[in-house]
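Subject: Structure handover

Hello,

Here is the structure for your files. My notes on it follow below.

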Amino acid sequence: MFSHIHDPERRGEIQGGLFDKCFYASSDRGWILGIKSVSDHGNRDPRFFFSLKTDRAHKVTSIHSNARYLPGHWAHVAITYDGLYMKLFVNGAQTAVSREQSGDVFCALTKKCKVLMLGGNALNNNYRGSVEQVTLWRQALPQHQIIRHMHGYEDLQYQADLVIRESFEHPGRKWLPVKDGSFPQPDDGPRAGLGSLDTTLEPPACGQTVCDNVEVVHNYNQFWSFRRPKTVRYQVVNIFDDELRRPTVTDQQIHLQHQHLNEAFAMYNITWELTVHNVSNSSLRCRLVLANCDISKVGDEDCDPECNHTLTGFDAGYCRPRTRCPNHKLKNGVCDPECNWDNYEYDNDDCCNPNVTDVTKTCINPASNLRAYMDVKELKEILRLDGSTHLNIFFANSSDEDLAGVATWPWDKEALTHLGGIVLNPSFYGTFGHTHTMIHEIGHSLGLYHVFRGISEIESCNDACLETEPSLETGDLCADTNPTPKYKHCGDPEPGNETCGCRNFVHTPYNNYMSYADDDCTDSFTLNQVARMHCYLDLVYQTWQPNYKPSVVPMAPHVVDQGQDTITIEWFPPLTGHVYDREVGSVCDKCAEGRVFLQYASHSWSPRPCLPSGHWSPREAEDPDDDEEICQEGKDEAL
């Protein structure tokens with residue numbers, strides 16, 4: 001049948017089943033098809049399930065699909081049992097199988113107790129969704145016939161075994177209402193069919209890319225081979241004056257920071273390879289680089305806190321009380337501070353005249369090429385350093401004492417360009433007690449959020465990212481970091497009243513690198529965070545790795561569509577999508593000779609490899625493998 005549900009209940013929902021009406025309260029004999037969560041966090045990971053208990057079995061066997069159910073999308077679901085194997089198929093693909101049950105579901109004495117129910121059971125597990133094309137057969141259909149039926153083909157040889165084909169046009173002719181006496185109502189929404197199936201790797205509502213997909217993160221956690229050792233290049237951009245003196249950061253800072261960086265990431269199979277790019281330019285060295293101030297906001301008649309700095313003239317005077325400029329001081333060939341704001345044309349440009357004053361201290365006119373400050377984007381545009389082969393580290397200052405660094409997210413279109421990279425305050429780089437700032441910012445570059453995102457960085461208490469329990473779908477998208485508000489101390493935060501009803505926070509991740517605690521407190525990432533970082537290194541930052549090989553495939557291939565002569569398979573990483581909409585890193589760069597796109601997998605198998613049809617069905621795929629083998633009996637095939 002085709003199934004469509006918007007939001008499964010926390011306790012699960014039953015779509016249909018064959019029940020024992022004689023001993024309903026005490027017997028679980030029969031079978032059930034439904035949707036329920038397989039995680040420990042409520043309805044965070046809903047999946048199709050098929051449970052069965054035969055007449056002679058002592059307990060129920062349940063199997064579930066290998067991918068989470070996508071609310072709001074149609075899916076074709078089929079279950080079979082042939083007296084030996086129970087199988088679950090989703091969109092034509094076999095997703096689970098078990099041999100734990102055997103024999104008849106109902107024996108000869110209990111066959112009169114059978115009752116088929118749709119839309120729930122006699123308890124409270126009602127199905128709140130839509131179904132179409134419900135069919136029931138006397139025998140277990142083979143997979144190829146399930147696929148043909150899904151595509152609308154009918155084979156006469158199976159018609160004699162057809163028990164029910166329900167369209168629900170006249171439900172009262174065959175069915176009896178169980179609970180409230182009413183029949184299901186027609187659904188005016190999109191109809192079921194192959195065109196409505198959607199198996200894309202959707203991120204949760206609070207996520208951005210497929211690396212936020214629950215199943216992808218789960219597989220990166222489960223299989224060590226997906227977190228294999230990786231070496232990543234980064235480049236420190238150090239600016240000197242024209243005589244190669246007055247570096248932005250010293251060699252001692254660079255070496256200390258590099259040491260602490262690798263010590264922090266070593267246990268997570270990530271090694272950093274350092275290069276230093278020295279720039280000799282007195283003009284750049286003498287200007288203040290502002291980390292978070294957009295130059296267009298300086299002097300815009302509003303006080304912008306991020307631009308409130310002495311060398312911007314306190315946002316061109318708009319962040320301090322205005323002073324009156326005496327007329328005799330205008331055009332007097334002297335830079336007079338009381339006249340150095342936009343109403344007086346910055347002392348008639350006397351304060352930006354290098355023949356009159358030291359413009360590196362007095363020129364605050366945002367329109368002047370000699371102004372004493374610049375923003376980070378200007379610096380990056382001047383340097384135009386390649387960002388596709390390494391992570392660039394720049395240095396800048398900030399008017400906000402809490403802002404020690406800024407990073408480019410992996411899903412930002414600038415991530416692999418000269419406009420990407422990390423910007424650090426040099427005072428928080430490579431000095432004892434301040435080496436974890438760079439570790440924190442690299443976490444952002446590799447896709448990690450603050451651990452307090454779900455509490456302190458939401459827009460309202462109705463925000464999709466609000467985190468009330470650790471989850472892969474809310475907050476920082478990590479199920480192993482407890483919810484916490486922003487807190488700078490090394491301990492659980494004090495109770496507060498500004499956190500959408502949650503006032504007490506215990507066992508908070510204050511020792512996590514993605515918290516705001518000091519260096520003497522932070523010391524680790526969690527397993528979910530490590531999974532996310534490795535995912536983005538595989539998905540986005542392949543070119544930062546000197547010995548990069550084709551990425552592993554952390555997803556079993558999903559059959560999206562199948563025709564008479566073609567089959568469409570989707571897996572990770574995708575060929576198109578958000579992360580490829582950038583200047584560098586399009587799918588065209590991945591093509592080999594002959595315009596062929598290659599991805600590699602091994603350990604792909606089926607219960608009957610190669611025989612009898614000569615085809616195989618992938619059940620799992622993991623590890624890169626550069627060999628191509630002919631499908632042989634008992635062999636795996638590499639893609």
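Ser51 counts as buried because its relative accessibility is 8% (buried is under 20% relative accessible area, exposed over 50%, partly exposed in between, with a 1.4 Å probe and protein chains only). This is a predicted model, in which local features need pLDDT of at least 70 and side-chain atom pairs count only at pLDDT 80 or more, while totals for chains, interfaces and linings use all residues. Residues are numbered from 1 along each chain as its sequence is written, and side-chain values use heavy atoms, with hydrogens and water left out.

Ser51 is part of strand E4, residues 46–53 (helices, H or I of at least four residues, and strands, E of at least two, are DSSP runs numbered from the N terminus). Leaving aside neighbours within four places in sequence, Ser51 contacts Gly30, Trp31, Ile32, Val60, Thr61, Ser62 and Met86 (contact means heavy atoms within 4.5 Å). Between the C-alpha atoms of Ser51 and Gly34, 17 residues apart along the chain, the separation is 8.7 Å.

Next, a helix pair. The axes of H2 (residues 214–222) and H11 (residues 527–539) come within 9 Å and cross at roughly 105 degrees (axes are lines fitted to C-alpha atoms, for helices over the stretch in contact, and angles run from 0 to 180 degrees between N-to-C directions). H2 is therefore roughly perpendicular to H11 (65 to 115 degrees; under 35 is roughly parallel, over 145 roughly antiparallel and the rest oblique). H2 contributes Val216, Val217, Tyr220 and Asn221 to the contact, and H11 contributes Leu527, Asn528, Ala531, Arg532, His534, Cys535 and Asp538. By class, this contact of H2 with H11 has 6 nonpolar, 3 polar and 2 charged residues (Ala, Val, Leu, Ile, Met, Phe, Trp, Tyr, Cys and Pro count as nonpolar, Asp, Glu, Lys and Arg as charged, and the others, Gly among them, as polar).

Then the backbone. Most residues other than glycine have a negative phi. Glu345, not a glycine, has a positive phi of about 50 degrees. Asn348 also has a positive phi, near 50 degrees. Glu345 lies in helix H6, residues 345–348, and Asn348 is found in helix H6 too. Glu345 is exposed, with a relative accessible area of 52%, whereas Asn348 is partly exposed at 23%.

Regards
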